[in-house]
Amino acid sequence: MAQTQEPPPIMHSNQRRTAKGPTTNTHDVIIIGGGLAGGTLAALLGTHGIHVACIDRDNPKATLDAGFDGRTTAISWGSQKILRAAGVWDALEPHGCAIRDIEILDGDSPTLLHFAADEVGGESFGWIIENRLIRSALFDRMAALKTVDHIAPAGALSFERDDDSISIILDDGRMLSAALLIGADGRGSKTREWMGIEQRFWAYDQTAIVCTARHEAPHNHIAVEHFRSEGPFAILPMQDDADGTHRSSIVWTVHGKDVNDILAYSQDVFDAALTARFPDRYGSVQQMGKRFSFPLTLNHAHDYIADRMALVADAGHGIHPIAGQGLNLGLRDIAVLADLIVDAHAAGDDIGHADLLQSYQRQRRADNMAMAGTTDTLNKLFSNRSRTLSLARKIGLRAVSRIKPVKNFFMHQAMGAAGLLPDLIRDAQRKI
């Protein structure tokens, strides 16, 4: 007979005093969601001695399997600073493939816009890393931090709130309480539902097909964004396999029902379709591993905060992947909120106070809304068969290439080093 294990005990507690007298909380902060965003926030707070419970509905072991979702993430130059502050970059760096050049193409035209690292002081624009390897580094970091409890697999069933604390009930019957509850539980956020916050939402008639491809010639650290009438086709450089196989991650965006036909392609037909979409310099191209598909949507919560509750990353805003900025945008949320929490905790202030949460929302709303609008507009502009728009796009891209201040802006935007930046990034940005 299979034996069941007792749930892990809660290891840390702290006590804070309110006007009503002492209130014992099991943690300072509870995070719902243990993915890339929730894990990074837990590691960043735990690095500063904040007592955190990170509730993860998925079995951690399952999420480390190469067949779990097959995705990679483009970690921007700015986001790397946040991951370093969270104590995970040293573990990730050996697995990251630096992006040294970015090529932007439109339709059948040759490269219309080229960003080179040499134009931004030799800094890499970012790094491509498999999601499962990011999760692995985050799990290890949380396990090493004495003030972080990674509770998984576990679900949060309900919450209770009073003036001084907020509590959740887990599906195993345990109750956890804290000064602040943070939702990092993705686009279908249960935390957002608990908060009673509505959101703007629409589904693009597009699906992203994701896979890894091997190719005959090296990618030379070049990322390619090819705007096609069916949707963007992105080629993202990955580290070579241990046997020297050259690899890239593919994000192939297609319209409507076309996705079912493409997913059903035989291996030979799919490989031929990939080869036709790759620049000739890559040589022959073949799919590796599984194909995955993800419907594309946009969501943006009307508010990121409620009494003793906050949303970060996709729980508050999910965008089109056209610019590869989804997680990077969420990491900027995390950097700002963590900075506010750490400062308040060090001063002995209430880390769930309304003023702190208002400051977080005020600092992050404009950046998130601007990026959501930009990616939505880019997708509509480039996923269009209009000849007039195609000509206008080509003229616009060539103009960007020729006007150095404009080109510099877009290069720094790609690096996550432009716009309204958290202190963690802004301090480093001054050096480039």
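This is a predicted model: local features need pLDDT of at least 70, side-chain atom pairs count only at pLDDT 80 or more; totals for chains, interfaces and linings use all residues.
# Helix packing, burial and backbone exceptions

User: How many charged residues does the contact of α11 with α12 have?

Analyst: Contact means heavy atoms within 4.5 Å, and here α11 contributes Val400, Ser401 and Arg402, while α12 contributes Lys404, Val406, Lys407 and Phe410. Ala, Val, Leu, Ile, Met, Phe, Trp, Tyr, Cys and Pro count as nonpolar, Asp, Glu, Lys and Arg as charged, and the others, Gly among them, as polar. On that basis the contact of α11 with α12 has three nonpolar residues and one polar residue, and the number of charged residues is three.

User: Within what arc do the buried residues of α12 fall?

Analyst: In helix α12 (residues 404-414) the buried residues are Lys407, Met411 and His412, where buried means under 20% relative accessible area, exposed over 50%, and partly exposed in between (1.4 Å probe, protein chains only). The arc is that of the directions from the helix axis to the C-beta atoms. Seen down the axis of α12, these residues line one face of the helix, because they fall within an arc of 135°.

User: How are α9 and α10 oriented, roughly parallel or roughly antiparallel?

Analyst: α9 and helix α10 (residues 354-382) pack with their axes 10 Å apart and at an angle of about 165°. Angles under 35 degrees count as roughly parallel, over 145 as roughly antiparallel, 65 to 115 as roughly perpendicular and the rest as oblique. The orientation of α9 and α10 is therefore roughly antiparallel.

User: What is the handedness of the crossing in which α1 passes α9?

Analyst: Helix α1 (residues 36-47) and helix α9 (residues 326-347) pack at an angle of about 30°, with their axes 10 Å apart, which means that α1 is roughly parallel to α9. A crossing is left-handed if the near helix is turned anticlockwise from the far one by less than a right angle, and right-handed if clockwise. The crossing in which α1 passes α9 is right-handed.

User: How many nonpolar residues are in the contact of α1 with α9?

Analyst: From α1 the contact takes Leu36, Ala37, Thr40, Leu41, Leu44 and Leu45, and from α9 it takes Leu327, Leu331, Ile334, Ala335, Ala338, Ile341 and Val342. By class there is one polar residue and no charged residue, and the number of nonpolar residues is twelve.

User: Which residues is leucine 138 in contact with, leaving aside its neighbours within four places in sequence?

Analyst: Leucine 138 has its place in helix α5 (residues 131-144), and it counts as buried because its relative accessibility is 1%. The residues in contact with leucine 138 are Gly35, Leu36, Gly39, Thr40 and Val88.

User: Does alanine 313 count as buried or exposed?

Analyst: Alanine 313 is found in the loop between β21 (309-311) and β22 (317-318), and it has a positive phi of about 55° although it is not a glycine. Most residues other than glycine have a negative phi. With a relative accessibility of 6%, alanine 313 counts as buried.

User: What does asparagine 220 count as at its relative accessibility of 49%?

Analyst: Asparagine 220 lies in the loop between β15 (199-215) and β16 (222-228) and also has a positive phi of about 55° without being a glycine. At 49% relative accessibility, asparagine 220 counts as partly exposed.

User: What is the omega of the peptide bond from alanine 152 to proline 153?

Analyst: Proline 153 is found in the loop between β10 (148-151) and β11 (156-161). Most peptide bonds are trans. The bond from alanine 152 to proline 153 is cis, with omega near -10°.

Note on methods:
Residues are numbered from 1 along each chain as its sequence is written. Side-chain values use heavy atoms; hydrogens and water are left out. Axes are lines fitted to C-alpha atoms, for helices over the stretch in contact, and angles run from 0 to 180 degrees between N-to-C directions. Helices (H or I, at least four residues) and strands (E, at least two) are DSSP runs, numbered from the N terminus.
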